[in-house]
Amino acid sequence: MSMESSNHTVSEFILLGFTSDPVMQRVLFGMFLIMYTLTVLGNSTLIVLICNDTRLHTPMYFFIRNLSFLDLWLSTIYTPKILVICIFEDKSISFAGCVAQFFFSVGLGYSECYLLASMAYDRYVAISKPLLYSQAMSVRLCSFFVAASYMGGFTNSSIITKKTFTFDFCNDNVIDDFFCDLLPLVKLACGGKDGYQALMYFLLTSNVMLPIALILASYFFIIATILRIRSTQDRLKAFSTCSSHLISVTLYYGSILYIYSRPRTSYSLDTDKIVSTFYTVVFPMLNPLIYSLRNKDVKEALNKLFK
């Protein structure tokens with residue numbers, strides 16, 4: 001991705017992180033190190049289990065495996081740099097490094113939006129057509145959904161990354177955040193923001209609101225199908241297959257919409273740092289727990305692996 005036309009006047013950015021207090025920085029370093037370790041172990045274990053256990057070779061676990069891979073990649077973009085700025089005095093990131101971090105974070109973030117929408121459709125098919133589930137959600141169709149999620153995410157990331165880093169940053173290179181995020185970068189830029197804001201809201205609508213609409217539509221049909229089931233026990237069993245996905249959707253989309261869909265006058269960088277930590281670091285750590293703690297098949301596969 002060429003940035004030759006960029007009017008930037010800085011060669012690096014300074015990431016302020018969360019605090020300048022040395023004691024708090026050490027505390028945060030320990031917290032983020034623990035969370036990143038759990039993220040790597042949890043998602044890697046889930047990927048290995050799904051690959052090795054034939055009972056988990058179903059469309060649902062195909063999507064969960066890809067979600068774990070995406071979360072592992074997403075967390076690796078942020079957390080190592082967070083650990084560095086917590087313990088070292090040098091809090092700089094090169095211009096090229098900032099571009100790369102921004103490009104992959106946006107691309108993976110949008111890809112996860114589409115992937116969660118695909119998983120909602122998978123749950124709809126599993127509940128509405130249980131006897132034809134494996135045939136309807138074929139390997140080819142599941143692979144297409146995953147590939148389309150990445151293609152959509154990174155195509156839109158290329159557009160917004162190129163537009164963002166052609167701004168003139170007015171010789172100001174201090175980012176009041178722990179990574180190269182959209183809002184702090186736009187705050188540093190000077191001039192030409194009107195068209196950019198329109199582009200940002202268009203991409204927010206197409207990459208966040210559209211998947212949300214697809215998810216809501218899928219769950220509308222899921223609820224309609226569940227209500228036609230006569231047995232209360234069967235209803236609860238059908239709904240329980242969606243509970244993990246519902247938790248993931250609520251946590252992920254809730255934090256993203258809180259940050260990026262508010263009016264500009266209500267932005268608070270300190271609050272946004274905390275919320276963005278949730279979908280960049282905490283959420284990838286929680287996903288393996290969400291999809292395994294209440295899952296009998298995963299527990300049995302884990303016991304088999306240890307034995």
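Visitor: How far is the sulfur of Cys242 from the closest cysteine sulfur, and in which residue does that closest sulfur sit?

Guide: The distance is 16 Å, and the closest sulfur belongs to Cys142. That is too far for a bond. A disulfide here needs two cysteine sulfur atoms within 2.5 Å.

A word on the basis. This is a predicted model, where local features need pLDDT of at least 70, side-chain atom pairs need 80 or more, and totals for chains, interfaces and linings use all residues. Numbering runs from 1 along each chain as its sequence is written, and side-chain values use heavy atoms, without hydrogens or water.

Back to Cys242. Its relative accessibility is 0%, so Cys242 counts as buried (under 20%; exposed is over 50%, partly exposed in between, with a 1.4 Å probe and protein chains only). Cys51 has 38% relative accessibility and counts as partly exposed.

Which cysteines do pair up? Cys98 and Cys180 do, with their sulfur atoms 2.1 Å apart. A search of the whole structure finds this one disulfide. The link is left-handed, at -130 degrees about the S-S bond. Cys98 lies in helix α3, while Cys180 sits in the loop between β3 (174-175) and α6 (182-188), so the pair ties together parts 82 residues apart in sequence. Cys98 is buried, at 0% relative accessibility. Cys180 is buried too, at 0%.

The search of the whole structure finds three cavities of 30 Å³ or more. A cavity is a set of points on a 1 Å grid over the protein atoms alone where a 1.4 Å probe fits but cannot get out.

Helices α2 (59-87), α3 (95-128), α7 (193-227) and α8 (232-260) each supply at least two. The lining divides into 16 nonpolar residues, two polar and one charged. Nonpolar covers Ala, Val, Leu, Ile, Met, Phe, Trp, Tyr, Cys and Pro; charged covers Asp, Glu, Lys and Arg; the others, Gly among them, are polar.

How values were computed
On a 1 Å grid over the protein atoms alone, a cavity is a set of points where a 1.4 Å probe fits but cannot get out, and a pocket is an open set with protein on both sides within 12 Å along at least five of seven lines; lining residues have an atom within 4 Å of a point. Grid points are joined across faces, edges and corners, and a volume is the space filled by probe spheres set on the points. Helices (H or I, at least four residues) and strands (E, at least two) are DSSP runs, numbered from the N terminus.
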